[in-house]
Amino acid sequence: MAEPQARFQEANLRTERIRDLGLSIEGTRLESVITEFQAEVSALELSHLRPTFYLSTEWGVVFGSQSIALPFYLARPELEAIQVEQVGHLEGAGRAEILRYLRHEFGHVVNYAYHLFESEEWVRQFGSITQPYMEEYRPKPFSRRFVRHLPGWYAQKHPDEDWAETLAVWMTPKKDWRKTYKSWPTALAKLEYCDRIMVELRERALVETAQDRDEDVGELAYSLQEYYSKLDQGQDALPPGLEGALTAMFEDIDAPESASTEARKPASALLRGMERDLVANVYLWTGHFPERTRALVRQLALRAEELQQVYPADQETRQRIAITTFVTALAMNHVHRGSYLP
Ligand SMILES: [Zn+2]
């Protein structure tokens, strides 16, 4: 009989102002992950640096600050479920991934606290901090000039991100970065710089001590419903050749092409079932943004449904490979030229 009550709470969760949801790091699983992370930070022996942590809309550090923002949805499983439903993608799913993001954000903290970005050597390794920050960056997948840490070839977004990724790789326990990057000389030089500077910083005084926060969860006067309705859901124009690709991959319901006598299954269900893994993996290996891949896969599923496309049940693996390859090829086009089609 708990269901009506649960449904009432679920509705409240979406319509209540976020600041009134009582979200905090304390008492959630985030608390123990942060404690674990603080032990990693202590081991660095930076005597003056004390990063703090708060919940906000997304991961980040305000320029010049030592306060690390974590996305509020990580505070509660119900919020994670809503984030997955609305955005199709979690940044920091589980302890290991949260630590991965914390190490990256800590890179920004170190950079700002000691003004590393002002030194000649930092600029030589990573570039100028004043370079414009492009949300729509176009990475070169597998470039050996950059380390790999967060998905989407994130180090290629901006010099500040390049440094944050480098520090994150350097400080990850049990990772032998010298071995991993031994034949990537440019990335290795960045790591060697990081290895040296992090020892030098142990004795250095802080240049900044601010703990500025942006969009603290305690100040968000809008609801989850309003928050998600405003997010860019990546409704790009979809490639016009879509239908041809679907008919090449699948069969029409009344025109079996394969000799297989197995029962036929709907292509749309297969596509929908693959959405989350496709979104994550395509982002990881191509840098194509999750919201775009999601819109593409949904559009494909919708068309497959309208066209009543099917496949023989014993050919599921083949179909999964076909879909994955097709979506990845489109994603790579988009990463290289900013659109799916020439
Ligand atoms: Zn960053």
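Let me begin with α4 and α6, whose crossing is right-handed. This is a predicted model, so please keep that in mind throughout. Two packed helices are described by the angle between their axes and the distance between the axes. For this pair, the axes cross at roughly 115° and come within 7 Å. On the α4 side, the contact is made by Arg-103, His-104, Phe-106, Gly-107, His-108, Val-110 and Asn-111. From α6, the residues are Asp-160, Trp-163, Ala-164, Glu-165, Leu-167, Ala-168 and Met-171.

Take Val-110 from that list. Setting aside neighbours within four places in sequence, Val-110 is in contact with Leu-116 and Leu-167.

That brings me to the largest nonpolar core, which has 49 residues. Which of them touch the most other members? They are Ile-68, Val-109, Val-110, Val-147, Leu-167 and Leu-191. Two or more residues each come from α2 (29-42), β3 (67-71), α4 (95-114), α5 (120-126), α6 (159-171) and α8 (185-200). The most come from α4, which gives nine. Why does this core lie between domain 1 and domain 2? Because both give residues to it: domain 1 is 1-86 plus 207-231, and domain 2 is 116-206. Another core lies apart from this one; it has 22 residues, including Leu-278, Val-279, Val-327 and Val-335.

Next, helix α12, residues 290-306. How far apart should its ends be? With 17 residues at 1.5 Å a residue, the helix should span 24 Å, and the end C-alpha atoms are 24 Å apart, so the two agree. The buried residues of α12 are Pro-290, Arg-292, Thr-293, Arg-294, Leu-296, Val-297, Leu-300, Ala-301 and Ala-304. As a reminder, an α-helix has 3.6 residues a turn, so residues three or four places apart point the same way. The cover over the buried residues of α12 includes α10 (242-249), α11 (267-286), β6 (309-312) and α13 (316-337). After α12 comes Gln-308, with a positive phi, near 55°.

Last, the chain as a whole. Its secondary structure comes to 13 helices and six strands. The C-alpha trace spans about 75 × 55 × 35 Å along its principal axes. There are 342 residues, and 32% of them count as buried. Of the contacts with a separation of 6 or more, 73% are between residues 24 or more positions apart.

That is what I have; I will take questions now.

Methods:
Residues are numbered from 1 along each chain as its sequence is written. This is a predicted model: local features need pLDDT of at least 70, side-chain atom pairs count only at pLDDT 80 or more; totals for chains, interfaces and linings use all residues. A nonpolar core is a set of buried Ala, Val, Leu, Ile, Met, Phe, Trp, Tyr and Cys residues joined through C-beta atoms within 7 Å. A residue is buried if 20 or more other C-beta atoms lie within 10 Å of its own, exposed if 12 or fewer, and partly exposed in between; C-beta atoms are placed from the backbone. Helices (H or I, at least four residues) and strands (E, at least two) are DSSP runs, numbered from the N terminus. Domain bounds come from an automatic or database domain assignment. Two residues are in contact if their C-beta atoms, placed from the backbone, lie within 7 Å. The expected span of a helix is 1.5 Å times one less than its number of residues. Axes are lines fitted to C-alpha atoms, for helices over the stretch in contact, and angles run from 0 to 180 degrees between N-to-C directions. A crossing is left-handed if the near helix is turned anticlockwise from the far one by less than a right angle, and right-handed if clockwise.
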